[in-house]
Amino acid sequence: MKVAILGTGAVGSALGQRLAAKGHDVVFGSRAPQSGRVQELLTRCGASARAGSPREAVTDAEVVVLALPWQAVPAVLAGVGPLDGRVLIDCTNPLRADLSGIEIGHVSSAAEQIAEWAPQAKVVKAFNTASVKAMLDPVFGGSKATMFYCGDDSQAKEIVGQLIADVGFEPVDAGPLSVSRYLEPLAMLYIHLAIRQGWGSNCAFKIVKR
């Protein structure tokens with residue numbers, strides 16, 4: 001698929017590398033696409049990846065991955081223009097600057113706010129509950145880490161579920177987009193365990209059932 005990744009930070013870089021390795025056509029949207037850091041990222045991704053401005057990145061994209069700090073999202077979405085019919089994967093978490101909690105939660109979510117900012121897009125929440133280390137290697141002791149996702153469009157969720165599997169996670173459909181109200185606090189739990197409880201980032205969630 002043609003995948004635009006808005007953001008070349010740790011999350012965007014990790015997802016871009018994994019998706020490019022699976023043969024997807026990846027275009028990174030960056031404020032500085034010619035920078036040495038972005039060019040080094042393209043080298044790691046291989047021939048199927050390139051970079052441009054955020055608006056250029058989404059031009060032909062079927063899927064747009066939002067891998068940005070929460071505070072940067074409104075301006076970037078406004079700058080790329082309408083995302084008519086595109087699948088928009090929201091990887092963000094509305095974190096406070098000091099990581100002490102989230103700015104939005106319980107009665108709404110970042111994903112639902114993004115759906116209001118980009119009403120023409122098919123928003124799916126995903127890739128917000130795992131560390132970069134887990135994204136680069138989602139297999140722990142031979143078992144795939146779980147990646148929850150949610151959204152209101154069944155076709156968009158099917159596409160995202162396949163991309164999650166391509167990255168290497170076990171995809172778990174958690175329901176409608178409103179379930180983001182649970183997934184974003186779940187990311188806060190992960191941060192608490194990784195940082196304040198001292199687990200580090202080389203861990204991941206796994207759901208089991210019988």
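**Close-up views of a predicted model**

View 1. Of the 210 residues of the protein, 51% count as buried. Buried means under 20% relative accessible area, exposed over 50%, and partly exposed in between, with a 1.4 Å probe and protein chains only. This is a predicted model: local features need pLDDT of at least 70, side-chain atom pairs count only at pLDDT 80 or more, and totals for chains, interfaces and linings use all residues. Residues are numbered from 1 along each chain as its sequence is written, and side-chain values use heavy atoms, leaving out hydrogens and water.

**View 2. The overall fold.** The protein has eight helices and ten strands. These are DSSP runs, numbered from the N terminus: helices are H or I of at least four residues, strands E of at least two. The C-alpha trace spans about 40 × 35 × 35 Å along its principal axes.

**View 3. The largest nonpolar core.** This core holds 33 residues; Val65, Ile89, Phe127 and Phe169 touch the most other members. Helix 7 (residues 154–167) gives the largest share, five residues. A nonpolar core is a set of buried Ala, Val, Leu, Ile, Met, Phe, Trp, Tyr and Cys residues joined through side-chain atoms within 4.5 Å.

**View 4. A second core.** A separate core has 24 residues. Val27, Trp70, Leu88 and Ala121 are among them.

**View 5. Around Val65.** Which residues is Val65 in contact with, leaving aside its neighbours within four places in sequence? They are Val3, Ala4, Ile5, Leu6, Leu15, Ile89 and Cys91. Contact means heavy atoms within 4.5 Å.
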